[in-house]
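These are my notebook entries on the structure shown here. I began with the overall figures for each chain and then turned to single elements and residues.

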Amino acid sequence: MAISKEDILDDCIRRLNAGGSIAGCLAHYPHVASLKDDLRIASYAIRIYRIQDSGLDRSAVWGDIRRRILDSKTRSNRGSVSSSIFNLRLPKAMFGIATFVLAIGLVQTTAAAASDSMPGETLYPVKRTMEKIQLTLTIDDVQKAELQMEHARTRLTEAKKIIEANPQQKTTVIKKTLEDLADTTAKAVQQSADNKDLLKKVVELTDNQQAVLAGIEGMTTGDTKEAVISSLDSAQVTKTAAEMNLAKLQDQENRDQASSPATSTPESIKGAQTITPSSTTPSTTRTYIGDKPTSTDDTLNKFGETGATTTDPIIEQASTSTAPTTTAIINLR
Amino acid sequence: MPAKQIASPPKPELDALIAAASRGDVDAYEKVYNAFFPKISRFVAFRVGHRQTAEDLVADIFIKAWQFLQAGDTPLSFNSWIFTIARNKVIDHYRTKKTSVDLAEVENIIEYEDHTPEAIDADLASRKFLGVMDRLSSDQREVIRLKFIEDLDNEEIAAALGKTTGTIRVIQHRAIILLKKYLEDSPA
C-alpha cells in the first residue's frame with residue numbers, strides 16, 4: 001500500500017514530537033524526496049516550543065467534570081429526563097408536552113445554540129425564555145425550588161465569566177445578571193419555605209455565591225464593584241433568612257416530637273406549619289397549569305411527592321401531549 | 001522542556017472506551033478524557049489567556065462531548081467533533097469579550113489569540129524560523145502550529161479550524177514550501 005508523502009511527513013512529525021530524531025526518520029523512510037528539508041523545518045518549530053504542558057490542572061478539571069456528570073445522572077434517576085438537546089430537566093411525564101411546545105417553529109435548533117449563550121449575546125434571551133418554560137412546566141414544588149437554584153447557579157457562572165473576561169466593561173450586563181441572580185435566589189428561598197432539605201440547599205447556594213463573588217470582587221472597580229458588593233449583601237441576607245427559617249422548622253419539629261412522638265407524620269408537620277417570614281409568601285409564587293389551589297397545606301400534600309400521580313390530570317388538561325418524542329438533533333454548539 | 005506525555009491508548013482500545021462512555025460509563029470516559037486532555041487543554045490554554053477560564057472551558061468541552069455521546073448520534077469520529085466543540089467554545093469565549101459581534105467575521109476569519117508560553121533557549125536558527133513564520137498567512141501559521149507544535153492530526157486540525165481535511169493538506173503543503181523559501185532567502 002503506497003503511503004503518500006504527506007502521511008510520511010505526518011508520521012515523522014509525530015516521531016519528532018515524541019522525541020525521535022531527523023536521522024531516525026530518514027532511516028525509516030529512505031529515498032523520500034525533500035523529506036530532509038521538510039523535517040528540518042518541522043524541527044525548528046518543535047525545538048522552539050517542544051510540546052509544552054498547558055499548565056492546566058488535569059485532575060482538578062476532571063473532578064469538576066465528573067461531579068457535573070454524576071449530578072445530572074442523579075437528577076435523571078429522580079424521574080426527570082435529561083435532554084442533551086435542550087439541557088432541560090423535566091419530569092418524564094412532561095416531556096411529551098415540552099416536546100410539542102418546543103417543536104413549534106425553529107425553536108429546537110435555536111434552543112441548542114442558545115443553551116450556552118452568555119448575557120449580551122444574540123441568543124441569550126432564548127436561553128432565558130427556555131428557563132422560564134422549564135419553570136412553568138415544573139409542577140412539583142421541590143423540583144421547582146431546585147430548578148430555581150440551578151438557574152441561580154447559572155446566573156452566578158455567567159456573572160463570573162463576564163467579569164473574569166472583562167472586568168472593566170459590560171457594567172450594565174453584569175449589573176443585570178447580578179440582579180437576576182438575587183431575584184432568582186429570593187424566589188428559590190420562597191419556594192423552599194417549609195422544606196428543611198431545600199432550605200439547607202439554599203444555605204449552601206448562598207454560601208457558594210458569597211465565596212465566588214468575594215473571589216471576583218477584587219477584579220472589579222467603580223460601578224461593577226458596587227454591583228458585586230450589593231450582590232454579596234443580598235446573598236448574606238438571603239442566607240440569614242434561610243437559616244432562620246431552618247431554625248424555626250427545627251424548633252417546631254423538636255417541640256412536636258416532644259409533645260406527641262408516636263403520631264407525628266410528615267404531612268401533619270407540614271400541615272401545622274405556617275412559617276411566613278416577612279420576606280416569603282409561598283402561596284403567591286407558585287403557578288400551576290390549570291389553576292390548582294394555592295393553599296400551602298393542600299399543595300404540599302398533593303404535590304409534595306416526586307412522581308406523584310398528579311401529573312396525569314395535568315397531561316389531560318394540556319391535551320396536546322401525543323406528539324412523539326423527537327430524536328436528538330446534534331448541533332455542535 | 002518536554003512535557004510528560006500521558007500515553008494515549010491504541011486506537012481500538014480508545015474506540016472501545018468511547019463506546020463504553022456512550023453507554024454511560026463514567027470511568028471509561030475518564031480514560032477518554034486523559035487521552036484527549038493534553039491536546040484539548042493546550043488548544044484552549046494557548047488561545048485563552050486566563051487559566052481559570054481555560055480550565056472552565058476545558059470542563060465545558062468535555063461535558064458537552066459527554067452529552068453528545070449519551071445522545072448517541074455522532075456520525076463523525078470522536079476526535080474531530082471534540083475539536084469542533086473546542087473551537088466553538090473558544091469562539092463563544094471570544095464573543096463574550098467583544099461588545100459587538102459579527103458572527104460571520106468571527107467564524108470565517110478566526111484569528112486566535114496567541115498565549116503560547118514564551119519560547120525558551122531558542123537558538124539562532126529557531127529565532128530566524130519565528131521571524132519567517134510571521135510572513136505566512138494566518139491560516140498557514142495556524143496549520144503549522146497545530147501540526148508541528150500541538151501535534152494534532154489533519155482531522156483534528158480540520159475540526160479546529162472549521163475546514164475540510166483536503167484544505168488542510170493544501171494549506172500545509174503551501175506553508176512548508178513558503179517556509180523553505182523564506183528560510184533560504186533570509187540572511188543567516
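**Entry 1: chain A overall.** I looked up burial first: of the 333 residues of chain A, 44% count as buried. I take buried as under 20% relative accessible area, exposed as over 50% and partly exposed as in between, with a 1.4 Å probe and protein chains only. The model is a predicted one, in which local features need pLDDT of at least 70 and side-chain atom pairs count only at pLDDT 80 or more, while totals for chains, interfaces and linings use all residues. Residues are numbered from 1 along each chain as its sequence is written, chains are lettered from A and ligands numbered from 1 in the order in which they are written, and side-chain values use heavy atoms, with hydrogens and water left out.

I then listed the secondary structure of chain A and found 15 helices and 2 strands. Helices (H or I, at least four residues) and strands (E, at least two) are DSSP runs, numbered from the N terminus. Chain A exposes about 16200 Å², and carbon and sulfur atoms supply 54% of that area. Accessible areas come from the Shrake-Rupley method with a 1.4 Å probe; for residues, only the protein chains shown count as cover. Of the contacts in chain A between residues at least 6 apart in sequence, 66% join residues at least 24 apart; a contact means heavy atoms within 4.5 Å.

**Entry 2: confidence in chain A.** I checked pLDDT, the predictor's confidence in each residue, from 0 to 100. Its mean over chain A is 72, and 64% of the residues reach 70 or more. Confidence in chain A is highest in H4(A), at 91, and lowest in helix H15 (residues 311–318), at a mean of 39. Over residues 82–86 of chain A the pLDDT is below 50, and this stretch has 15 contacts in the model beyond near neighbours in sequence. Residues 264–333 of chain A also stay under 50, and the model has 108 contacts for them beyond four places in sequence.

**Entry 3: helix H4 of chain A.** The expected span is 1.5 Å times one less than the number of residues. Which residues of H4(A) are buried? I found A:Val61, A:Trp62, A:Asp64, A:Ile65 and A:Ile69. Seen down the axis of H4(A), the buried residues fall within an arc of 160°, so they line one face of the helix. That arc is taken over the directions from the helix axis to the C-beta atoms. An α-helix has 3.6 residues a turn, so residues three or four places apart point the same way.

On the other side of H4(A), A:Ser59 and A:Asn77 are exposed. I traced the packing of the buried residues of H4(A) to chain B, where they meet helix H2 (26–45) and helix H3 (51–71). At the start of H4(A), a side-chain oxygen of A:Asp57 comes to within 3.3 Å of the backbone nitrogen of A:Ser59.

**Entry 4: helix H8 of chain A.** H8(A), residues 141–165, has 25 residues and reaches 36 Å from its first C-alpha to its last, close to the 36 Å expected at 1.5 Å a residue. H8(A) is mostly covered, with 20 of its 25 residues buried. At the start of H8(A), a side-chain oxygen of A:Asp140 lies within 3.1 Å of the backbone nitrogen of A:Val142.

**Entry 5: single residues.** I located A:Val212 in helix H10 (residues 196–217) of chain A. A:Val212 counts as buried because its relative accessibility is 18%. Leaving aside neighbours within four places in sequence, A:Val212 is in contact with A:Leu156 and A:Lys160.

Is A:His31 buried or exposed? It is exposed, with a relative accessible area of 82%. A:His31 sits in the loop between helix H2 (22–28) and helix H3 (35–49) of chain A, and its phi is near 65°, a positive value in a residue other than glycine.

A:Ser43 belongs to helix H3 of chain A and is buried, at 12% relative accessible area. A polar atom of the A:Ser43 side chain lies 2.7 Å from the backbone oxygen of A:Arg40.

**Entry 6: chain B overall.** I counted 9 helices and 0 strands in chain B. Of its 188 residues, 55% count as buried. The accessible surface of chain B comes to about 8500 Å², of which 53% belongs to carbon and sulfur atoms.

Notes. A polar contact is a pair of N or O atoms within 3.5 Å; within protein, one must be able to donate a hydrogen and the other to accept it, and residues adjacent in sequence count only if both atoms are side-chain atoms.
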